[in-house]
Each structure stands twice: as structure tokens, then as C-alpha cells.
Amino acid sequence: MATLQLIFNGDLVQEYYLDKDTFSLGRKSDNDVVIDNLAVSGHHAKVLTILNDSFIEDLNSTNGTYVNGTLIQKQPLKNNDLIKIGKHELKYINEAATSDDQFEKTMIIMPDAAGMPESEGNAELDQSVNKIASEIASSDAHKNKAALKAKVKLLNGVNVGKELELTKVLTTLGKPGLQVAAITRRPTGYFLIHVDGGDNAGRPKVDGTEIGVSAHPLSNGCVIEVASVKMEFILEH
């Protein structure tokens, strides 16, 4: 499991296991990693983890977030990367992380656009979809879940009534810059993850309730709402 080592003046302060999908970093006490320093914003940055790969995103902080000395907005993380927030550093430890410098681009499906076209998303939203797919396929074979198939049915917008088969391990939905979510297929079923979106957009909803920072399990017949588009999740048997 990936970890973050919080370092101050060269000394290890604490180590955190990235045991959930989203980890928040900042000065306020409601963060997963609390950094009590005036140079750190209340909610400074977050780390999103999908299986073995993690990404860091600056949350419009006052003094910025740096990875290996470079100011970043969104950045895939590699083993031994050094994140600097204020006067503190966080070392990312994950020997299983993707090491290739070339990452696949996320394709975002916009279900409220005519024909549901795919557009290029931010390449830093996920790493190596093929790698994730092979890992889950291997896991599925051992856990007998490979037969699980699903689709979503559009309930509003210009494509109302149309269906989208979830053929990929990671299907990304929404509007870049407004709200983006991902449906992931795992050995235990399908889950919805909040990937990106401004504060005003909030998080995606399932059955009318915003999901939290962790992956939200999806059940047959539940209604997902992403970027004001509603869709029914349907498990096929």
C-alpha cells in the first residue's frame, strides 16, 4: 500500500497509509494530513488513488504545491516523489506505482452532448488504464466476478433513454472544469469516484445524496447524477 511520509527539517514526523481513494492535505483539523503551518492553506491539496496509482492536485492554495521542486496543479505521483507544501515535505512511497513517463489520456464521456462524444480529459486524472485493467482482470479471474456486466441509462438531457455499456474498467463521465466522476469495476462490484470539479459543483450524487471521499458502491437501479445529468445504473446478469 502506498504511503506518505511527512517530513519537517529533514526529520520524519509521521507516516500515513493511503488506504482510501481521496486523502486531503491542509492546515485545518478536518484534513487527513494536518500540517499546522501558516504557509499551508486550510485545504491545500488532495491525493487521489486508483488501485496502485496516485495523483496529487493543488486546491487553489495560496502558496502552491510543488513536486520535486516544480510547481504543479495536477500531477501523477511516482515512487520517491517529494511533495513540498509550505515548509513541510511529503515523500510518496509506492514501489507498485506506474513508472513509465508516458501515461494514457483520460477520455471523458459527456452524456448530455449529442451522440455522447468522448473528449480528451486531463492526462493526469489517471495513470495507465491498461495496467489497471490487467490487474483487475487478474483479480476477477480468482474471485469469479468477471461475469459482472453493467450499463447506465440516461434519464435526462438530449440523450434521454440511451444506454452506455460499461465495457471499460474505468469509465469517466462529466464535464471537464465542472464535474468529473469515474465508474470503476473492481472484483467486488462497481463503484463511483469523484475525480474533479469546482467547489460550486459539489460531488456527484447517488440516489440524490452526494458521495463522500471514498469510492461509493453502486447497486442495481440506483440513480447517478454527474454534472446535472442523471443516469440509472443497471447490472446485467
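Select Lys-205 first: its bridge partner in S22 is Glu-225. The model is a predicted one, in which local features need pLDDT of at least 70, side-chain atom pairs count only at pLDDT 80 or more, and totals for chains, interfaces and linings use all residues. Residues are numbered from 1 along each chain as its sequence is written, and side-chain values use heavy atoms, with hydrogens and water left out. Strands are DSSP runs (E, at least two residues), numbered from the N terminus.

Next, display strand S19 (residues 205-206) together with S22; the two run antiparallel and are joined by 2 bridges. Strands count as paired if DSSP finds at least two bridges between them.

On the S23 side, 4 bridges join S22 to S23, again in the antiparallel sense. Here Ile-224 has Met-231 as its bridge partner in S23. Move to the hairpin of S22 and S23, where 2 residues lie between the strands and Ala-227 takes a positive phi near 55°.

Buried means under 20% relative accessible area (1.4 Å probe, protein chains only).

Then select Val-152, Ile-183, Tyr-190, Leu-192, Leu-218, Ile-224 and Phe-233, the residues that touch the most other members of the largest nonpolar core, which has 21 residues. Such a core is a set of buried Ala, Val, Leu, Ile, Met, Phe, Trp, Tyr and Cys residues joined through side-chain atoms within 4.5 Å. Two or more residues each come from strand S14 (149-154), strand S17 (179-186), strand S18 (189-197), strand S22 (223-226) and strand S23 (229-236). S23 gives the largest share, 4 residues.

Centre on Val-152 and list its contacts (heavy atoms within 4.5 Å). Leaving out residues up to four places away in sequence, Val-152 touches Lys-162, Glu-163, Leu-164, Leu-166, Ile-183, Ile-224, Met-231, Glu-232 and Phe-233. A second, separate core of 20 residues includes Ala-2, Phe-23, Ile-56 and Tyr-92.

Finally, select the open sheet of 6 strands, ordered S2-S1-S11-S10-S7-S8 with antiparallel pairing. Its edge strands, each pairing on one side only, are strand S2 (11-17) and strand S8 (70-72). The twist averages 30° from one strand to the next, with axes taken as lines fitted to C-alpha atoms and angles running from 0 to 180 degrees between N-to-C directions. Within this sheet, strand S7 (residues 65-67) and strand S10 (residues 82-85) pair over 2 bridges in the antiparallel sense, and Tyr-66 stands opposite Lys-84 in S10.

Key
Buried means under 20% relative accessible area, exposed over 50%, partly exposed in between (1.4 Å probe, protein chains only).
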